[in-house]
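The sequence and the model come first.

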Amino acid sequence: MEYKNGYNVNKNSTIGEIKIADDVIAVIAALAATEVKGVARMYGNITNEIVSKLGRQRISKGVKITVGENAVSVDLVLELDYGVNIPTVSEKVQDKVKSAIETMTGLTVSEVNVRIAGVALDEE
């Protein structure tokens, strides 16, 4: 099975190689970001509650993954809840995304860039 956009994670394995597709890394990043309190959703995306019912196909919208020779760069576009401290929530997102990708894939994350593109107002 050949992945056009995949990354080798275990090049020295004697059993065979392990590849991770771009979409997998993007989904990990999106799920980690939306777990942070204050993040309403990935910008232009549906909420986590709807994702849990409909599946994960659209969760990675708003995520761009770039893999260099030794590290992964992540760009996220988020919508935050109204009234949150934007720098604090953004830093938590950066830490959570970096940790999730590195823990789950073994890849090194060089940067997590966060762009806030919207504010979600409570609907009453």
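Predicted model: local features only at pLDDT ≥ 70, side-chain atom pairs only at ≥ 80, totals over all residues.

Residues are numbered from 1 along each chain as its sequence is written, and side-chain values use heavy atoms, with hydrogens and water left out.

**Overall make-up**

The chain has three helices and six strands, and from the N terminus on these elements run β-β-α-β-α-β-β-α-β. Helices (H or I, at least four residues) and strands (E, at least two) are DSSP runs, numbered from the N terminus. Of the 124 residues, 37% count as buried, where buried means under 20% relative accessible area, exposed over 50%, and partly exposed in between (1.4 Å probe, protein chains only). Among contacts with a separation of 6 or more, 59% join residues 24 or more positions apart, a contact being heavy atoms within 4.5 Å.

A nonpolar core is a set of buried Ala, Val, Leu, Ile, Met, Phe, Trp, Tyr and Cys residues joined through side-chain atoms within 4.5 Å. The largest one has 26 residues, and those that touch the most other members are Val-63, Val-74, Leu-76, Leu-78, Val-93, Val-97 and Ile-101. Two or more residues each come from H1 (22–34), E3 (39–42), E4 (63–67), E5 (72–81), H3 (86–105) and E6 (109–120), and H1 gives the largest share, seven residues. The buried residues of H1 include Ile-25, Ile-28 and Ala-29, and these three are among the residues that Ile-101 touches, as is Val-74. The 13 residues of H1 should span 18 Å at 1.5 Å a residue, which agrees with the 18 Å between its end C-alpha atoms; the expected span is 1.5 Å times one less than the number of residues.

| Strands | Sense | Bridges |
|---|---|---|
| E3 and E5 | antiparallel | three bridges |
| E4 and E5 | antiparallel | five bridges |
| E5 and E6 | parallel | 10 bridges |

E4 and E5 also form a hairpin with four residues between them, and Lys-64 has Asp-75 in E5 as its bridge partner. Met-42 stands opposite Leu-78 in E5, while the bridge partner of Glu-79 in E6 is Gly-118.

Ser-73 is found in E5 and is buried, with a relative accessible area of 11%. Its side chain makes a polar contact of 3.0 Å with the side chain of Glu-111; such a contact is a pair of N or O atoms within 3.5 Å, where within protein one must be able to donate a hydrogen and the other to accept it, and residues adjacent in sequence count only if both atoms are side-chain atoms.

Ala-117, in strand E6, is partly exposed, with a relative accessible area of 29%. Not counting residues up to four places away in sequence, Ala-117 touches Tyr-43, Val-77 and Leu-78.

Notes:
Pairing = 2+ DSSP bridges.
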